Each structure stands twice: as structure tokens, then as C-alpha cells.
Amino acid sequence: MLGLLSSFIFVALRNAAVGFPALVPWHHLPVTLNPPNIAESHLEAVPLDMEERKRSRKSGSKRGREASFLPSTCHDSERLALLQLKKSFLIREFASTMPSAYPKIQQWKSDRKGIIDCCAWDGVECNNETGHMIGLDLSSSFLYGSIDSSSSLFHLLHLRRLKLSDNNFNDSKIPSAIANLSRLSHLDLSSSAFSGQIPSQSPGPRNLAEKLTNLQKLHLNGVNISSAVPQNFRNLSTLISLSMEDCNLHGELPPMIFQLPNLQVLDLRNNPYLTGKFSEFNRSSLIEVLIPANTSFSGSLPSSMGELTKLKHMDLFVNHFSGRIPSSLANLTELTYLSLSDNSFSPGTLSWLGKQTKLTVMGLVQANLYGEIPSSLGNLTQLTAFNLGSNQFTGQLPSRLENLKQLKKLDLADNQIIGPIPFWLGNLTLLTSVDLGANKLQGQIPQSIFNLVNLNTLYLNSNELNGTLKFESFLNLSNLIELQLSNNDLSLDTNITINGTVPKFRNLGLAFCNLPEFPDFLHEQDELEILQLSGNKFMAKYQNGGFHQPIFPLTNLQILYLGSNKLHGSLPIPPPSIFHYSVSNNSLTGEFSPLLCNLSSLAFLDLSNNNFSGMLPQCLVNMSESLLVLSLGNNNFGGSIPQLCMKGSKLRMIDFNQNQFQGQLPRSLANCDMVESLNVGNNQLNDTFPFWLGKLPELKILILRHNHFHGIMEEQRENFEFPKLHIIDFVVENFHQCE
């Protein structure tokens, strides 16, 4: 049961990470490997044809500024089209998010008081010889409004480059008329609130591929396409960059896209329903950026991937790739960014790694790697982020890792690394984050760690570290906001005898650190979000709600573990911000405080293994909208179990085992549609067998033993549904069969 509770906790904390980034379990926290918008930055460098470069004229250039004193050289029809386009939009600052955004169209004027040569207007680019408009960049322009095929934008038939990204077009579909701009080589509609399923004919991507045959750059990031990538995209032979991040793509990616002869950038990240497999690659491939991260690609990585000798950025994070990581990746010596994390690879080693000396970021989390960490990693001297967490690495840390002087983030958590924390780690003075948690490291924490003055995160939890550690040693690390020392054999001395300021922690883990009392420095920790103090020797007594007294400021606290101490008295009431609260395995007494019902953010409540008594309050039903786990087992609660679940309840686990509850099971349990485990064993309940619980779609565990359930089973056999039930525990002797 405790294991199930841990599973619930892990899943919920992982899901909450979007809203609560600090709530990721400390031993699973990865080094940040989110790449910048590689496709965007790369494509800014896609060159113009040399002749076109000579003929083009962009606003903002010296020549463009001089043009304001000359007779108009732009075509009247194109100027009028731009003025009509201007009238079709509102200027709203919320429509763009980039810091560099400004309203480009605001200075477009139709009278002599302004610049009437539209070729000199912001965002406009013209051909010097013909005066026709060939480029329009309205990205990040605070544009708000709808756009369709009747827009005057589509009268600009000479356009070669069109960029409308980072605006808000109010859920418009991609207009079919965009296919009329047949000269387009660059099209960027990213992050501009285009949405809705696009038809397979106009205005869909199929139509774009058929009509816009000169495309070199196609960026549709954030466009809610909600369809498959058309097969005819493989005909875009001039395409240099294709970026369709977060487009709700589904179906299988046409494999021939990887064979497009000029393709340099392919970014498909964050399309979890998009499937695909890598085809064979050849040495003539120009691919430099390959990002199918967070999709559903599968299959093995072909050995021919080693032919991608121009590849600089490869991100395969969160997919379903299988098989062994090919040794041919050793040939990818131009790589600067590599992530193979969270896939289903067969067991393998890092024998292929060490020649990629240009790497700056490397992520191999949960890549099923084993063996010792090779010394050849010391060759990767440009690394700034290095994450090998959640594998099966053994042995000691190789001393050649001391060569990684540029390293800022190091994550080796959740492996089986042994030996002491090496002294040389303190020489990597640029480090800002170190996670060595959940290994088998031994010995004392070296003093050199306290030379890492740039550290903001240090996780050493769940190892075999020992010795007495003075907390005042951390005073030198003024940037430290996350510190995890839990679950070692340390004795932490929290007395501070020197002058200095204790860092303001956001995440502090001191569980099982042999603390005899609450540390005094917690009085100043008003920014704490996570606090672990379980498994110490506290003997504090709480009265009248505990934390409502000014013990220490906890107004931002989201996770608080006080379990397995010697706390007694009434239940301490945490602040309204609390998300996860555990005081299990103490000697607390009194009743279930109705004040807990006011904690609207509370998702996990564990009061098990204490001496609480009395009846549960009726307000408990109000907590079912936020609670995921309610664990009250092994106490002395009595009376009837109150109504627990309203419709829409989020409860996943209910544990009332080993109390003194009486009467019937509350019929409101039928509203607990998400509950997976229900344990009411070892009470004094008196009821018929609850066949009505069989309609709960997620129920896997049902424990009823040692109560007074009764009835005739045969009469209700046809009502025994329980579609996902794995475990049921009750005493058969209390039930009868039909005679």
C-alpha cells in the first residue's frame, strides 16, 4: 500500500510540474535540456539568391530612409493593399509576446505627412529594379484580428518572403488564398493563433505543397493543424527548413521527408500523436537540425545515422525508439546538442561517445545505459550541460571529468555510482546545478563542494554519505535555492556560529539527518516551497493548530514532510498554499480539524499511523475536488464515514484501514470515478457487499476485510462488474449462497 502511495505521489508531482516546477521529485529532476528555437535561428541565416540580394531593398536601410525624400517608387496597388491590410487589424499589446515586439504598421501612412513610399515602411522589402514588394515581415507587430482569403494581403503576388509570426489572428484558419502567392520561398505563420482542422484541399498543407513549389522555409509552429503531414510534402525539393512544432499533427510522417535533397532543419517537436520511423540516411544529406522530440516515433536508430556528418543538433527526447544506440553515432563530430532521453533502447554502453568534442549539451536520461562512465567523456571539454540520470551506471566517477571546465549542469542521479564524491568536483567552478542523488556514494561531503559559489541546486540525497556536517558551511553558497541532503547517514549540525546569511531556500530536504529539533534558521525561510524534515528526532508539541502560531513563515509552502518523528499534540495546520502534507508515523492526537477543509490546493494528505480520534467532519466532501490521496489509516477515528465524493471528484486513493468506523459505506463513493484504491479494512462497518462500487471505472484495489459485510452473493453475481479490479480482500465466511 505504501508503494502505491509513492506511485501516486510520483505521478501527481510529475503532472504538476507544469504548474509547479519545483514539485518534480528531487531524485528525478533532470538537467534542463530544452533547446532554443533552433529552426528559427537557423532559418534567419538562409541566404537570399545573390541577384535577388542586389535587387532587394528593405525598410530601415540607409537607402530606405533616403527614399522618403524621393517620389514614390512602390506600386500604388501594393501601397493600397497594405493600407487596406492595416485597417483590417487592431493593435493590441497582448497579441505578441516577444520582448522586441512593436506595432510596425502604425507608421504606414496614406498622406504626405508620412512616408508614402511603401518600400520604406517597416517590415516591407521591395525589388530595387521593379519596385514590387517581395518581402513582408509583420512578425511581433501586436496584430489582432481575423484573416481570410479576401484579405488584401493576397493581392501582393510578387511576395517571396512572408512572416506573420507572433501575432493573434483570433483562431483563423490558414487562408486558401495563400497558395496564390506562388513565388513564396519563406513562409512563417508560427505562434499567431491560427487554429482549427485544416481541410485536405485548400486551404490545407496539401494545397500549400502543390502550389508553393519554391518554398525554402516553412514554419507553422503552434498552428493547430490537427491532421497528418501530407504525402506530397516530399515533393518540396527546394525546402531547406520545415518547422511544425506543437501543431497537433497525427498519423505517420512520410519517410521520404528525410530524403529531401536540400533539407537542413526538421523540427517536429511536441506532436505526441505523430508517428514515424527513420529511413536510411546517406552521406549527401545536408541535415543539420533534427528535432522530433516528444512525438511517437519508434523503431531503431539506423546505423546510417552516422552518415549525417553535418548534424549539429539532434533531439529525440521522449519517443519510443528501441534497439541499441548505434555505435556509428561516434561519427557525428559536428554535434553541439544531443538528447536521446526517455526512449526504450536496448541495454548499451557509452563506447560511442568521446569524439563529439563540439558538444555543449548532452542528455541521455533513461536511455538504458550501463557500465562505468568512460574516461573519454573527459574529451568533451565544451560541455555546459551533462545529464546521464536514471540509468544503470556503476563504478566511480572518472577523474578525467575534471577537464569539463565549462560545465554548468551535472546530473548523474538515480544510478549505482559508488565511491566518494571526488574532491575535484569543487574545481568545476562554473557549476550551477549538481544532482548526484539516488546513487551509492559513500564517505563525507568534501569541503571543495563549498567552493562552488555559483551553485543554485545541489542534490546529494539517497546515498550512503556519512559524517557530521556543519550547516554553516553552506553560507558561502549564497545562490543556493535547492538543497537535498535527505536519506543519508549524515548528522547535520544546524547551529550557526559564524557571521553570514543563510541562503533563501525554495527546496530543502533534511529528512533522516539526525536533527534533534527544528533548525533555528527556518525562522527566516519565507520562500520555501518544499520542506522535508521526516525521520528526525523532533519531539515538538503542537497546540491550537500549530502553524498558525509564528513558528516560522511558511506562506509559500507547497510540500511538507514531517513524518516519522516524535511529534505529539494536535495536528499542525499548514498554510493555504499547501499541495502535499504528510505527518504520518508520529504521536499526534485530537480530531480531524475542519480547518483542513479550507485548504483548496491540497492534493495529498497523509495522517496515517498516529493517535487521532473522533468523527470526520462533514466538510470532508468539499476536499474531493482537489484531493488525490487521502490516507488516514491506523488511527482511532470512529463514527460513520461521512459523504466523501461529489461528482467530479479527483480522489485516486482512500485509506481508512485500521480505525473504528461504523455503519454503512457512504453511497457517495459511487461518485469517486477516478479512485483506484479503496481500503476500509479493519473497522466496524456493517453493510452488504458493495456491488454498486463495481461501476467505478478505475478501481483496482478493494479491501473490505475484518468488518461486518454480509449478504447473499449468488443473487448479485450478475452485478459484479469491477472492470479493472486486480485485488479484492474480504472474508468469504460472512456471505451466504442461495440454497
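**Cysteines, sheets and core**

A: A disulfide joins C597 to C619, with 2.0 Å from S to S; the term here stands for a pair of cysteine sulfur atoms within 2.5 Å. This is a predicted model, in which local features need pLDDT of at least 70 and side-chain atom pairs count only at pLDDT 80 or more, while totals for chains, interfaces and linings use all residues. Residues are numbered from 1 along each chain as its sequence is written, and side-chain values use heavy atoms, with hydrogens and water left out.

Q: Is the link of C597 and C619 right-handed or left-handed?
A: The link of C597 and C619 is right-handed, with 65° about the S-S bond.

Q: And which parts does that pair tie together?
A: C597 lies in the loop between β36 (587-590) and β37 (604-606), and C619 in the loop between β38 (611-615) and β39 (629-631), so the pair ties together parts that are 22 residues apart in sequence. Strands here are DSSP runs of E with at least two residues, helices are runs of H or I with at least four residues, and both are numbered from the N terminus.

Q: Are C597 and C619 buried or exposed?
A: Both C597 and C619 are buried. Buried means under 20% relative accessible area, exposed means over 50%, and partly exposed is in between, using a 1.4 Å probe and protein chains only.

Q: How many disulfides does a search of the whole structure find?
A: The search finds 4 disulfides. With the bonded cysteines of the protein chain numbered in sequence order, the pairing is 1-2, 3-4, 5-6, 7-8.

Q: OK, what about C74, what does it form a disulfide with?
A: C74 forms a disulfide with C118, and their sulfur atoms are 2.4 Å apart. C74 is in the loop between α4 (62-66) and α5 (76-87), and C118 is in the loop between β2 (90-91) and β3 (124-127), so this pair links distant parts of the chain, 44 residues apart. Both cysteines are buried.

Q: Why is the disulfide of C74 and C118 right-handed?
A: Because the torsion about its S-S bond is about 135°.

Q: And how far apart are the sulfur atoms of C119 and C126?
A: The sulfur atoms of C119 and C126 are 2.2 Å apart, and the two form a disulfide. The torsion about that S-S bond is about -90°, so the disulfide is left-handed. C119 counts as buried at 0% relative accessibility, and C126 is buried with a relative accessible area of 0%.

Q: Switching to sheets. In what order do the strands of the open sheet come?
A: The order is β23-β25-β27-β29, which makes 4 strands, and the pairing is parallel. Two strands pair if DSSP finds at least two bridges between them. The edge strands are β23 (418-420) and β29 (489-493), each of which pairs on one side only.

Q: How many bridges are there between β27 and β29?
A: Strand β27 (residues 464-470) pairs with β29 over 5 bridges, in the parallel sense. T468 stands opposite S491 in β29.

Q: What does β40 pair with?
A: Strand β40 (residues 636-640) pairs with β38 in the parallel sense over 3 bridges. F637 in β40 is the bridge partner of G614. Another 3 bridges join β40 to strand β42 (residues 660-663), and these two run parallel. In β42, F661 is the bridge partner of G639.

Q: Now the core. Which residues touch the most other members of the largest nonpolar core?
A: L136, M314 and L485 do, out of the 189 residues in that core. A nonpolar core is a set of buried Ala, Val, Leu, Ile, Met, Phe, Trp, Tyr and Cys residues joined through side-chain atoms within 4.5 Å.

Q: What is L136 in contact with?
A: Leaving aside neighbours within four places in sequence, the contacts of L136 include L82, L85, W108, V124 and L162. Contact means heavy atoms within 4.5 Å.

Q: Last one, Q484. Where is it found?
A: Q484 is found in strand β28 (residues 482-484) and is buried, with a relative accessible area of 0%. The side chain of Q484 makes a polar contact of 3.4 Å with the side chain of S486, and one of 3.1 Å joins the side chains of Q484 and N507. A polar contact is a pair of N or O atoms within 3.5 Å; within protein, one must be able to donate a hydrogen and the other to accept it, and residues adjacent in sequence count only if both atoms are side-chain atoms.
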